[in-house]
Amino acid sequence: MKKILTLLVTLFLLVSCKENISFPSDADGIYYGTLDVDGFSMDAGISLTENGDSTVDVFFDNVKFAVLMPVKIDITVKNVPCKKDALFSFEAKNVDPYINKEKDPQPSYRFSSIKGVVEDDELVLSARMADGLAFYVAGKSFSFRGKKSKK
């Protein structure tokens with residue numbers, strides 16, 4: 001019962017905090033494609049915003065983890081180390097994302113890993129949520145493949 005109550009309170013807070021957030025105005029690329037989370041697939045958009053310090057911010061727009069998840073959320077993973085060689089790639093381990101417009105990162109949604117590569121205007125991304133989180137997010141695996149939108 002306590003777990004169900006915790007889930008309901010968390011979802012209520014996410015709904016009440018959700019505002020219509022759009023992609024960052026300074027995004028270097030917005031990619032539209034399919035996000036798969038442990039077998040649940042949805043159309044999604046992800047933007048990449050390069051920072052001046054060899055890092056990138058990864059923004060998931062209006063996503064959810066499962067068909068029964070009652071709300072969609074925005075997820076921002078900030079300051080992920082990146083490199084530009086022949087391809088643009090990024091990777092981080094044990095990083096806490098920002099949910100919706102929260103001012104602080106949320107350790108209860110920690111990614112144990114996130115990585116991606118851009119090749120020929122296509123983003124391929126994979127991520128895994130940490131173990132030891134709430135049962136409804138622990139160990140969830142994300143995969144995304146999408147094409148860059150034309151501005």
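**Note on the predicted model: strands, core and aromatic cluster**

1. A residue pair between two strands makes a starting point. Phe-59 has Thr-76 in S4 as its bridge partner. The next residue in the numbering, Phe-60, is bridged to Ile-75 of S4. These pairings belong to strand S3 (residues 55-63) and strand S4 (residues 73-84), which are antiparallel and share 6 bridges. The model is a predicted one, and confidence is taken up in the next point.

2. How far can the model be trusted, residue by residue? The mean pLDDT of the protein is 87, with 85% of the residues at 70 or more. Strand S8 (residues 122-129) has the highest confidence, at 98, while helix H1 (residues 2-17) has the lowest, at a mean of 45. Residues 1-9 stay under 50 in pLDDT, and the model gives them 3 contacts beyond four places in sequence. Residues 11-20 are also below 50, with 16 contacts in the model beyond near neighbours in sequence. The points below concern other parts of the chain.

3. S2 and S3 run antiparallel and are joined by 6 bridges. In this pairing Gly-45 is opposite Asp-61 of S3. The two strands make a hairpin with 4 residues between them, and Ser-54 in the turn has a positive phi of about 60°.

4. With strand S5 (residues 88-95), S4 forms an antiparallel pair over 3 bridges, in which Lys-84 faces Phe-88 of S5. S4 and S5 are a hairpin, with 3 residues between the strands. S4 and S6 are antiparallel as well, joined by 2 bridges. Here Ile-75 is opposite Ile-99 in S6.

5. The loop between S3 and S4 contains Val-67. Is Val-67 buried or exposed? Its relative accessibility is 60%, so Val-67 counts as exposed. The C-alpha atoms of Val-67 and Met-42 are 9.2 Å apart, for two residues separated by 25 residues along the chain.

6. Another loop residue is Gln-106, placed between strand S6 (98-99) and strand S7 (111-119). The Gln-106 side chain comes to 2.8 Å from the backbone oxygen of Asp-104. Leaving out residues up to four places away in sequence, Gln-106 touches Asp-96, Pro-97 and Ile-99. Ile-99 is the S6 residue that stands opposite Ile-75.

7. In soluble globular proteins, nonpolar side chains tend to be buried together. The largest nonpolar core in this model has 38 residues, and those touching the most other members are Val-58, Phe-60, Phe-65, Phe-90, Ile-114 and Leu-125. At least two residues of this core come from each of strand S1 (29-37), strand S2 (40-50), S3, S4, S5, S7, S8 and strand S9 (141-148).

8. Phe-90 shows what such a core residue meets. Which residues does Phe-90 contact, leaving aside neighbours within four places in sequence? Among them are Leu-48, Val-56, Val-58, Val-80, Cys-82, Ile-114, Val-117, Leu-123 and Leu-125. Val-58, Ile-114 and Leu-125 are also listed with Phe-90 among the core residues that touch the most other members.

9. The aromatic rings come next. The count is 6 aromatic pairs. One of them is the stacked pair of Phe-60 and Phe-111, at 6.4 Å centre to centre and 10° between the planes. It links distant parts of the chain, since Phe-60 is in strand S3 and Phe-111 in strand S7, 51 residues apart. Phe-60 and Phe-111 are both buried.

10. Phe-60 pairs with a further ring. Why is its pair with Phe-142 edge-to-face? The ring centres are 6.1 Å apart and the planes are at 70°, so the pair counts as edge-to-face. Phe-60 is in strand S3 and Phe-142 in strand S9, so this pair ties together parts 82 residues apart in sequence. Phe-60 has 0% relative accessibility and therefore counts as buried; Phe-142, at 3%, counts as buried too. Phe-60, Phe-65, Phe-111 and Phe-142 make up one aromatic cluster.

Methods
Residues numbered from 1 in each chain as written. Predicted model: local features only at pLDDT ≥ 70, side-chain atom pairs only at ≥ 80, totals over all residues. Heavy atoms only, no water. Polar contact = N/O pair within 3.5 Å; in protein donor to acceptor, adjacent residues only side chain to side chain. Contact = heavy atoms within 4.5 Å. Pairing = 2+ DSSP bridges. pLDDT = per-residue confidence, 0-100. Core = buried A, V, L, I, M, F, W, Y, C linked by side-chain atoms within 4.5 Å. Buried < 20%, exposed > 50% of the residue type's maximum accessible area, 1.4 Å probe, protein only. Phe/Tyr/Trp six-rings, centres within 6.5 Å; stacked < 30°, edge-to-face > 60°.
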